[in-house]
Structures are given as structure tokens and as C-alpha cells.
Amino acid sequence: MMNDIAKKKDFSMLGPLHQVLAGLKALICGESFEHCKSLSYLAGIHGYHTYSGFTKLIDQISPFVTLEGDAVVMNLQTAKSLIKKGSKVLSGKNPNLLRKTSDYINELPLFRKNKSQAACQATSKEELAHREPLLNLLKYNSLYHLEKTLVLFAQYKELSTWEKFFYKCELEMIRLSELHSWYMTA
């Protein structure tokens with residue numbers, strides 16, 4: 001995609017691309033760091049010893065959690081973009097969606113009308129072996145949190161700036177970004 005942007009000198013996709021990459025960076029760096037710590041803990045007392053290699057691994061990966069932007073800031077950038085797109089979809093406008101990364105947001109009005117469709121349709125463990133029911137659960141979970149954040153946004157609409165809204169709803173926005181990124185990586 002970056003080659004297409006550079007060759008064509010068309011920078012219209014940089015905004016949507018940044019939205020996706022910011023959320024993925026926050027998710028992947030944070031998860032990698034937490035899993036490295038878990039590996040160290042699972043090794044017991046040996047995980048804390050220098051010769052185990054875990055301390056070096058944690059030291060090498062820990063800067064990526066905050067390098068080029070704190071994970072909270074990156075998640076909030078993604079959430080802000082998702083809120084704008086969700087608001088446009090609900091108001092009947094056609095947002096500039098980066099195909100296959102946030103086009104599922106177009107399903108938000110249908111999701112709001114029929115939330116029962118969001119229930120897991122699998123009735124046996126064999127059906128759960130297929131990818132589709134799990135992808136739908138990830139998608140509906142992301143749509144649920146997008147709707148929840150939009151309701152909070154409408155509730156606090158009298159707040160004059162995004163910063164005040166972030167202060168009130170920051171945790172829900174971070175969760176929205178994480179769920180969106182999980183769905184994108186599935």
C-alpha cells in the first residue's frame with residue numbers, strides 16, 4: 001500500500017492507514033510485552049535470572065510499548081477515528097472507509113436494530129472449529145463497544161473538547177480500539 005501511495009502521489013489513504021496501524025501497533029507491542037513477562041513468570045525463579053535470557057528479551061521489547069507514541073495515545077487515535085466513522089454511518093453519510101479494515105462499521109445500523117444476531121450462532125464444538133462464527137463474535141463485540149462509545153459521546157456532547165471527552169471515556173475508547181484491532185488481525 002505504501003508503494004502505491006509513493007508511486008501515485010496520492011496521500012488520501014494515509015489517514016485511514018494511520019488509524020489501522022496505530023491500533024495494531026498498540027495492540028501488538030502491548031501483547032508482546034505482556035507475553036514475554038508471562039514467559040518469565042512461568043519459568044519461576046529461573047525466569048528472573050540473567051542466564052535465562054528472559055530479562056534481556058523483556059529489556060529489548062519493552063521500549064516498543066512506548067516508542068513512537070504511547071499505547072494509550074495510539075489507541076485513542078484509532079478510537080477517535082472509529083467514533084467519527086460510526087457517527088457518519090449512523091447519520092446516513094458515507095465515511096471514507098479503508099476497505100476490509102473498517103467496512104464492517106457500515107453494519108452498525110443493522111446491529112443496533114437486531115442485537116440478537118450478535119449471539120453466537122454455533123451450537124456445537126464442531127461449528128466453533130470453523131472460522132466464521134468466531135470472526136462474527138469479534139466483529140459484533142467491536143460493534144457493541146463502538147455503539148457503547150457513541151452513546152457515551154452523545155451523553156457527553158456538551159463537553160467542549162475531545163480532551164474532556166477522553167478524560168470521561170478513555171477506558172471505553174481504549175477497549176474499542178483493542179477490539180477493533182483484534183478483529184483486524186483475525
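These questions and answers go through some helices and ring pairs of a predicted model.

Student: How do you know that the span of helix 2 agrees with its number of residues?
Tutor: Helix 2 covers residues 14-42, which is 29 residues. At 1.5 Å a residue, helix 2 should span 42 Å. Its end C-alpha atoms are 41 Å apart, so the two values agree. Just after helix 2, Gly-44 has a positive phi of about 70°.

Student: How many aromatic pairs does the structure hold?
Tutor: Two.

Student: What makes the pair of Tyr-104 and Tyr-183 edge-to-face?
Tutor: The planes of Tyr-104 and Tyr-183 stand at 70°, and over 60 degrees counts as edge-to-face. Their centres are 4.9 Å apart. Tyr-104 sits in the loop between helix 5 and helix 6, and Tyr-183 in helix 9, 79 residues apart. Both Tyr-104 and Tyr-183 are buried.

Student: Why is the pair of Phe-111 and Tyr-140 called stacked?
Tutor: Their planes lie at 15°, and planes under 30 degrees apart count as stacked. The centres are 6.2 Å apart, and the cut-off for a pair is within 6.5 Å. Phe-111 is in helix 6 and Tyr-140 in helix 8, so the pair ties together parts 29 residues apart in sequence.

Student: Which residues of helix 5 and helix 8 meet?
Tutor: Leu-82, Ile-83, Gly-86, Ser-87 and Leu-90 of helix 5 meet Leu-146, Thr-149, Leu-150 and Phe-153 of helix 8. By class, this contact has six nonpolar, three polar and no charged residues.

How values were computed: Residues numbered from 1 in each chain as written. Predicted model: local features only at pLDDT ≥ 70, side-chain atom pairs only at ≥ 80, totals over all residues. Heavy atoms only, no water. Helix = DSSP H or I, 4+ residues; strand = E, 2+ residues; numbered from the N terminus. Expected span 1.5 Å × (residues − 1). Phe/Tyr/Trp six-rings, centres within 6.5 Å; stacked < 30°, edge-to-face > 60°. Buried < 20%, exposed > 50% of the residue type's maximum accessible area, 1.4 Å probe, protein only. Contact = heavy atoms within 4.5 Å. Nonpolar A, V, L, I, M, F, W, Y, C, P; charged D, E, K, R; others polar.
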